[in-house]
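Here is a friendly briefing to read alongside the coordinates. Keep the viewer open and follow the topics in turn.

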Amino acid sequence: MLEGKSPLHVHRLYEEMRRAGVFGGAQSGMYVAALSAIETALWISPERPRLPVYQLLGGKFRDRIRLYCDTALYQRQLPTPEDFARAAREVVGMGFTAVKFDLDQANDPKKYDAFNWTASPGELRRMVDQITAAREAVGPDVDVCVDMHGRYDAITGEQVRSAWSP
């Protein structure tokens, strides 16, 4: 499978070998052990020195990748829904098709307390209002992503998701 192929494309070669062996045990046992040994050998290929970072990390796999833009609104003290809308429009204006916002605000006055993992109704309303404003500003064809940095419990995450179903 590897004959005539560049050892610098580790990820692509690994994936081709893994997919080729799906019905031959590629999920377990000796196949995985052998595949891991081959991958290791590819990583330590003598052709690696003085290469661009993308080559050192496994080679070119795609010609393009999609990125999201983080709005960095977390740097502001309690950004408003209008701030979210404005930031979303700016990101789309730069050509991005996905925008990310941080919803966790340690300084939210409606927070139960600094140690509570459950969001208060006021926090939930703020989060939903902020993300709704962003969605309305950019429409349905832009991915609006959120990050809560593991600062809330699963119940809060589900409440935000269900309250803000686009």
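His149 sits in the loop that links S3 to helix H6 (154-163). Its phi is near 55°, a positive value in a residue other than glycine. The model is a predicted one, so please read every value below as computed from that prediction.

**Backbone spots with positive phi**

- His149 has a relative accessible area of 39%, so it is partly exposed.
- Ala72 also has a positive phi, near 60°, in a residue other than glycine.
- Ala72 belongs to the loop between S1 and H4, and at 22% relative accessibility it counts as partly exposed.
- For context, most residues other than glycine have a negative phi.

- How many of the 5 residues of strand S2 are buried? In S2 (residues 98-102), 5 of the 5 are buried, so the strand is largely enclosed by the rest of the structure.
- Ala98, Lys100 and Asp102 point one way from S2, while Val99 and Phe101 point the other way, and all are buried.
- Strand S1 (residues 69-70) runs parallel to S2 and is joined to it by 2 bridges.
- Within that pairing, Cys69 stands opposite Val99 of S2.
- To get from S1 to S2, the chain passes through helix H4 (residues 81-93), and this β-α-β crossover is right-handed.
- Strand S3 (residues 143-147) also pairs with S2 in the parallel sense, over 5 bridges.
- Here the bridge partner of Lys100 is Cys145 in S3.
- S2, helix H5 (residues 121-138) and S3 together make a right-handed β-α-β unit.

**The cysteines**

- Cys145 lies in strand S3, and its relative accessible area of 28% makes it partly exposed.
- Cys145 and Lys100 are 45 residues apart along the chain, yet their C-alpha atoms are separated by 4.5 Å.
- Leaving aside neighbours within four places in sequence, Cys145 is in contact with Val99, Lys100 and Phe101.
- Cys69 counts as buried, at 14% relative accessibility.
- A disulfide needs two cysteine sulfur atoms within 2.5 Å, and the count comes to 0 disulfides.

**Helix H4**

- H4 has 13 residues, which at 1.5 Å a residue should span 18 Å; the end C-alpha atoms are 18 Å apart, so the two values agree.
- The buried residues of H4 are Asp83, Phe84, Ala85, Ala87, Ala88 and Val91.
- An α-helix has 3.6 residues a turn, so residues three or four places apart point the same way.
- The cover over the buried residues of H4 includes S1, S2 and H5.

**Nonpolar cores**

- The largest nonpolar core has 22 residues, and those with the most contacts inside it are Phe101, Leu103, Met127 and Val144.
- H4, S2 and H5 each supply at least two residues of this core.
- Which element gives the largest share of this core? H5 does, with 6 residues.
- Leaving aside neighbours within four places in sequence, Met127 is in contact with Leu103, Ala119, Met148, Tyr152 and Val160.
- There is also a second, separate core of 5 residues, which includes Val10, Leu13, Leu35 and Leu42.

**Lys111, a lysine in a loop**

- Lys111 has its place in the loop between S2 and H5.
- Is Lys111 buried or exposed? At 17% relative accessibility, Lys111 counts as buried, because the cut-off for buried is under 20% relative accessible area.
- Apart from neighbours within four places in sequence, Lys111 is in contact with Gln105, Ala106, Asn116, Ser120, Glu123 and Tyr152.

Technical notes: Residues are numbered from 1 along each chain as its sequence is written. This is a predicted model: local features need pLDDT of at least 70, side-chain atom pairs count only at pLDDT 80 or more; totals for chains, interfaces and linings use all residues. Side-chain values use heavy atoms; hydrogens and water are left out. Buried means under 20% relative accessible area, exposed over 50%, partly exposed in between (1.4 Å probe, protein chains only). Helices (H or I, at least four residues) and strands (E, at least two) are DSSP runs, numbered from the N terminus. Two strands pair if DSSP finds at least two bridges between them. A crossover is right-handed if, with the strands pointing away from the viewer, the path from the first strand over the helix to the second runs clockwise. Contact means heavy atoms within 4.5 Å. The expected span of a helix is 1.5 Å times one less than its number of residues. A nonpolar core is a set of buried Ala, Val, Leu, Ile, Met, Phe, Trp, Tyr and Cys residues joined through side-chain atoms within 4.5 Å.
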